[in-house]
Amino acid sequence: MFGMGFFELLVVLVVAIIFLGPEKFPKALVDIVKCFRAVKKNAQ
């Protein structure tokens, strides 16, 4: 995905959890997924 391997995705997730904190991370993840779905829907 996007030329990134599993280890790179894991590092990005760990940094995101540290930066956002465990209480804000799930909401941010849901918002990102909604954004990707909207972009995918508009791209078709």
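## Leucine 13 and helix H1

Leucine 13 is found in helix H1 of this predicted model. Leucine 13 has a relative accessible area of 40%. Because this value falls between the limits of 20% for buried and 50% for exposed, leucine 13 is classed as partly exposed. In sequence, leucine 13 and leucine 29 are 16 residues apart, while their C-alpha atoms are 9.9 Å apart in space.

Helix H1 covers residues 6-20, which amounts to 15 residues. From its first C-alpha to its last, H1 reaches 21 Å, close to the 21 Å expected at 1.5 Å a residue. Glycine 21 follows H1, and the phi angle of glycine 21 is positive, near 90°.

## The overall model

The protein contains 44 residues, with two helices and zero strands. Taken along the principal axes, the box filled by its C-alpha atoms is roughly 35 × 25 × 10 Å.

How much of the protein counts as buried? The share is 7% of the 44 residues. The accessible surface of the protein is about 4200 Å², and 75% of this area belongs to carbon and sulfur atoms.

## A nonpolar patch on the surface

Seven residues form a nonpolar patch on the surface: Phe6, Phe7, Leu10, Val11, Val14, Val15 and Ile18. Together they have about 740 Å² of accessible area.

Valine 11 lies in helix H1 and has a relative accessibility of 38%, so valine 11 counts as partly exposed. Isoleucine 18 also has its place in helix H1. With a relative accessible area of 67%, isoleucine 18 is exposed, because the limit for that class is over 50%. The C-alpha atoms of isoleucine 18 and leucine 29 are 14 Å apart, and these two residues are separated by 11 residues in sequence.

Which side chains meet in a salt bridge? They are those of aspartate 31 and lysine 27, with a distance of 3.1 Å from N to O. A search of the whole structure finds one salt bridge. Side chains of opposite charge can pair when their charged atoms come close.

Both aspartate 31 and lysine 27 lie in helix H2, which covers residues 25-43. They are four residues apart, about one turn of the helix. An α-helix has 3.6 residues a turn, so residues three or four places apart point the same way.

Is lysine 27 buried or exposed? Lysine 27 is exposed, since its relative accessible area is 56%. Aspartate 31, at 36% relative accessibility, counts as partly exposed.

## Phenylalanine 36

Phenylalanine 36 is likewise placed in helix H2. Its relative accessibility is 52%. Because exposed means over 50%, phenylalanine 36 counts as exposed.

How far apart are the C-alpha atoms of phenylalanine 36 and valine 15? They are separated by 20 Å, and the two residues stand 21 residues apart along the chain. Valine 15 is one of the residues that form the nonpolar patch.

Notes: Residues are numbered from 1 along each chain as its sequence is written. This is a predicted model: local features need pLDDT of at least 70, side-chain atom pairs count only at pLDDT 80 or more; totals for chains, interfaces and linings use all residues. Side-chain values use heavy atoms; hydrogens and water are left out. Patches are made of residues with over 30% relative accessible area and no salt bridge: like charges are joined within 9 Å, nonpolar side chains (Val, Leu, Ile, Met, Phe, Trp, Tyr) within 5 Å. Accessible areas come from the Shrake-Rupley method with a 1.4 Å probe; for residues, only the protein chains shown count as cover. A salt bridge is a side-chain nitrogen of Lys or Arg within 4 Å of a carboxyl oxygen of Asp or Glu. Buried means under 20% relative accessible area, exposed over 50%, partly exposed in between (1.4 Å probe, protein chains only). The expected span of a helix is 1.5 Å times one less than its number of residues.
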